[in-house]
Amino acid sequence: MFYTIKHVTRFRYSAPVSESVMEVRMQPRGDSGQRCRTFQLHTTPRAAIFSHRDYLGNTVHHFDIPVRHSHLTVTAEALVEVQPPPELPAALAPADWDALDAQTRAQDHWDMLMPSHFIRPSRELRELAQEIGLRRGDDPLSTLWELNMLIYRRFDYAPDTTHVHSPIEDALRTRRGVCQDFAHIMIALVRELGVPCRYVSGYLFHRREDHDRSEEDATHAWVEALLPGLGWVGFDPTNNLLAGERHIRTAVGRDYADVPPTRGVYRGKATSELQVSVRVSPSEEPAPDEEEPTPMGWQPPEAETSDGVDMQQQQQQQQ
């Protein structure tokens, strides 16, 4: 399946700011049955855009706008090919718990087993684990599929009840949140079982017949767990799905702190307002293969004198 993606992020400031520095993780990954055919990123005001890969293989674009501006727009456009994932068995064998333990001892998955910025032990997490009887079930795959369903059933999807920096305790107390919260909660529980688990940032193609809970015009988040003989398997607790051909991956990490679509700061005595627009559409005609485009941009002029105001963070929550 081919998809075109247009992701527009607009920041408006209550007064002109003197500088914006930002990194962007919006380019779809090229692995696990997915291929990014084309990708373009541009900004208003224009900026020279550079890129690198982080230690998890995510493409990170970054830029600096050191001139006064009252708004910033970041537009990413991609054409991506997604293959259906291999069909999973109904269950694994009970002995696969031992195989999983041997695999985690032999390979380097330490980062995906330990606490991270958003995922750490807490009283609320222990209470949920006791409530659902968290334990290793008959086999790893069945256990995680059941956990995915339990989170879907016990938590209400409710935008604006949490924010981008909310700890999981907020959603655990209210049993309300968005995909970012549900992914963090599932990762925390899965790691408690000794299963390496990571956060996935990306997009979900919505069809009316699927009745997805997540919002159509926003980025999406789900999780991937390492299972013996299967590799990294995606689970979407927001929609009670296994990640499939409709899920488009842009970045993976320990939690959201590793993979925000945009992360930046600005300098100025102003507040900021954020608007995000995402459109994912099926594409019948794939573009011909070509080299990954090198981001071209205008070389910013010499930076203006700083106004002495500390840089203020600006990020977007995943819905």
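How do the residues of the lining of the largest pocket divide into nonpolar, polar and charged? In this predicted model, that lining consists of 11 nonpolar, 7 polar and 4 charged residues.

**The largest pocket**

- The space in the largest pocket amounts to about 480 Å³.
- A total of 22 residues line the largest pocket, and those nearest its centre are P85, P86, W232, G234 and A243.
- Two or more lining residues come from each of the elements β10 (220–227), β11 (231–236) and β13 (247–253).
- Of the elements, β11 contributes the most to this lining, with 3 residues.

**The second largest pocket**

- The second largest pocket holds about 320 Å³ of space.
- Its lining is made up of 16 residues, and L274, V276, Q316, Q317 and Q319 are the closest to the centre.
- Strand β15 (residues 272–283) supplies the largest share of the lining of the second largest pocket, namely 3 residues.
- Sorted by class, the lining of the second largest pocket comprises 5 nonpolar, 8 polar and 3 charged residues.

**The cavity**

- Across the whole structure, a search finds 1 cavity of 30 Å³ or more.
- The largest cavity contains about 30 Å³ of space.
- The residues that line the largest cavity are H7, R25, M26, S201, G202, Y203, T219, T250, P261 and Q318.
- Strand β9 (residues 197–204) gives the most to the lining of the largest cavity, contributing 3 residues.
- By class, 3 nonpolar, 6 polar and 1 charged residues form the lining of the largest cavity.

**Packing of helices α2 and α5**

- Helix α2 (residues 123–132) packs with helix α5 (residues 179–192) at an angle of about 70°, and their axes lie 11 Å apart.
- Angles of 65 to 115 degrees count as roughly perpendicular, and α2 is therefore roughly perpendicular to α5.
- On the α2 side, L125, L128, A129 and I132 take part in the contact, where they meet I185, A188 and L189 of α5.
- The contact of α2 with α5 has 7 nonpolar residues, with no polar and no charged residues.

Conventions. Residues are numbered from 1 along each chain as its sequence is written. This is a predicted model: local features need pLDDT of at least 70, side-chain atom pairs count only at pLDDT 80 or more; totals for chains, interfaces and linings use all residues. Side-chain values use heavy atoms; hydrogens and water are left out. On a 1 Å grid over the protein atoms alone, a cavity is a set of points where a 1.4 Å probe fits but cannot get out, and a pocket is an open set with protein on both sides within 12 Å along at least five of seven lines; lining residues have an atom within 4 Å of a point. Grid points are joined across faces, edges and corners, and a volume is the space filled by probe spheres set on the points. Helices (H or I, at least four residues) and strands (E, at least two) are DSSP runs, numbered from the N terminus. Ala, Val, Leu, Ile, Met, Phe, Trp, Tyr, Cys and Pro count as nonpolar, Asp, Glu, Lys and Arg as charged, and the others, Gly among them, as polar. Axes are lines fitted to C-alpha atoms, for helices over the stretch in contact, and angles run from 0 to 180 degrees between N-to-C directions. Angles under 35 degrees count as roughly parallel, over 145 as roughly antiparallel, 65 to 115 as roughly perpendicular and the rest as oblique. Contact means heavy atoms within 4.5 Å.
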